[in-house]
Amino acid sequence: MYRLFVVLGFLMSSSVFANPTHKVSYDETTQMVNVETQLCLYGRGIQQALIETSYQNLSNYLRVEYRQISTSLANKHNLKKKQREYIEYLLTLKLNKTTLQHDFSFVGNDTCTTAKGNFELAEQVKFESLFDFPPPAMFHFVTTAQNLNQYLTQKLNLYNVVVRPELFAKHLTVIDNLSVQYTAKTYYQFDLTAYNSSLSLASNSVYIDAEQPYVKILSKYLQSRSFSIQSQPSNAFWTVKLTANIEDQKYLSLQLEISNTDDFQTILVNNSRQLPATTLSNPIMLEKFFNVHIELMKLNEHLRTKR
């Protein structure tokens, strides 16, 4: 058995939709939808039961009253239709146990909780923020040839997938050509799984701008780490401009200017005396010291994390 702890007073200045146990209000200043529920159960050490039961009672209430609540708040605050609909989604889909913060207290032999939560109600409602569905393996859609890139860009942005228009055509299949109200349109299939694979391969492509023998040494180093070396900068996601100098035939001085097609740029410079002196006229020793310096400069990490 449990008894509901009834709060009789609410602030008259707030816009509140409530029954004796639950209330939902909207604050115009903060643009927040506020939810509150109260419950008492007999006994001590029952906080977890209070968390579970208060959430379940509130959820049951909101599933029944969500439309009346949203309408009441919308009328009171002149909310837009989309904002009213968004309140309904917040109350029925977004609310969960982790949304509520509990304040426990003791009243006689009862343990009570006042649980509160809130959601932001923005002017520009983004319904997609409510959902976290994985992207499909394929997109099927109808559009004009002129709007194709724009459509795919918007679709990929929706799922936070990197946009590379130069890869679109490779993964598009024309299913049918249509005429919709005298406008020529095409029914497309876009293979998102294959596109993501191409993204991974494309972002591993590197063009090296350097003098021999450094091109050969750096190419060997990067290929051993699954990067593909391109002979033309236009075919590569990354460009690495390498400037190398041997000091006193003992120390190797390196500068790496790194850039990619997303306009990321950085420069890595080594400490030529970080390693002991050696005879760098020996090609084997040159390659060995070169690779150690490249490891110390964390080139591999930069090419994998700055995408």
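Trainee: Start with Glu88. Buried or exposed?
Mentor: Glu88 counts as buried because its relative accessible area is 9%. The cut-offs are under 20% for buried, over 50% for exposed and partly exposed in between, with a 1.4 Å probe and protein chains only.

Trainee: Where is Glu88, and what does it touch?
Mentor: Glu88 is in helix 2, residues 81-94. Leaving out residues up to four places away in sequence, Glu88 touches Tyr66, Arg67 and Ser70. A contact means heavy atoms within 4.5 Å.

Trainee: What are the ground rules for the model?
Mentor: This is a predicted model: local features need pLDDT of at least 70, side-chain atom pairs count only at pLDDT 80 or more, and totals for chains, interfaces and linings use all residues. Numbering runs from 1 along each chain as its sequence is written, and side-chain values use heavy atoms, with hydrogens and water left out.

Trainee: What does the pLDDT look like?
Mentor: The chain averages 84, and 89% of the residues score at least 70. Over residues 1-18, though, the pLDDT is below 50. That stretch still has 38 contacts in the model beyond near neighbours in sequence. pLDDT is the predictor's confidence in each residue, from 0 to 100. Where it is low, the predicted coordinates should not be read in detail.

Trainee: OK. How many helices and strands?
Mentor: Seven helices and 14 strands. They are DSSP runs numbered from the N terminus: H or I with at least four residues for helices, E with at least two for strands.

Trainee: And how much of the chain is buried?
Mentor: 37% of the 307 residues. On contacts with a separation of 6 or more, 60% come from residues 24 or more positions apart.

Trainee: Where does helix 1 bend?
Mentor: At Glu65, by about 70°. That is the angle between axes fitted to the seven residues ending there and the seven starting there.

Trainee: Which residues of helix 1 are buried?
Mentor: Among them are Leu58, Leu62, Ile69 and Leu73. Ser70 is on that list too, and Ser70 is one of the contacts of Glu88. An α-helix has 3.6 residues a turn, so residues three or four places apart point the same way.

Trainee: What follows helix 1?
Mentor: Asn78, with a positive phi near 55°.

Trainee: Switching to strands. What does strand 6 pair with?
Mentor: Strand 6 (residues 110-120) runs antiparallel to strand 4 (residues 32-42), with eleven bridges. Val33 has Phe119 as its bridge partner there. Strand 5 (residues 101-107) also pairs with strand 6 in the antiparallel sense, over seven bridges. Pairing needs at least two DSSP bridges between the strands.

Trainee: What's in the turn between strand 5 and strand 6?
Mentor: The hairpin has two residues between its strands, and Gly108 in the turn has a positive phi of about 60°. Val107 stands opposite Asp110.

Trainee: Why is Asp248 classed as exposed?
Mentor: Because its relative accessible area is 58%. Gln249 is partly exposed, at 47%.

Trainee: And the strands around that loop?
Mentor: Ten bridges join strand 12 to strand 13, antiparallel. Val240 stands opposite Ile258. Strand 13 is mostly covered, with seven of its ten residues buried. Strand 13 also runs antiparallel to strand 14, over five bridges.

Trainee: How far is Asn282 from Gln249?
Mentor: 9.8 Å, C-alpha to C-alpha, and 33 residues apart in sequence. Asn282 is in the loop between strand 14 and helix 6.

Trainee: Last one. Is the peptide bond from Gln212 to Pro213 cis or trans?
Mentor: Cis, with omega near 5°. Pro213 is in the loop between strand 10 and helix 5.
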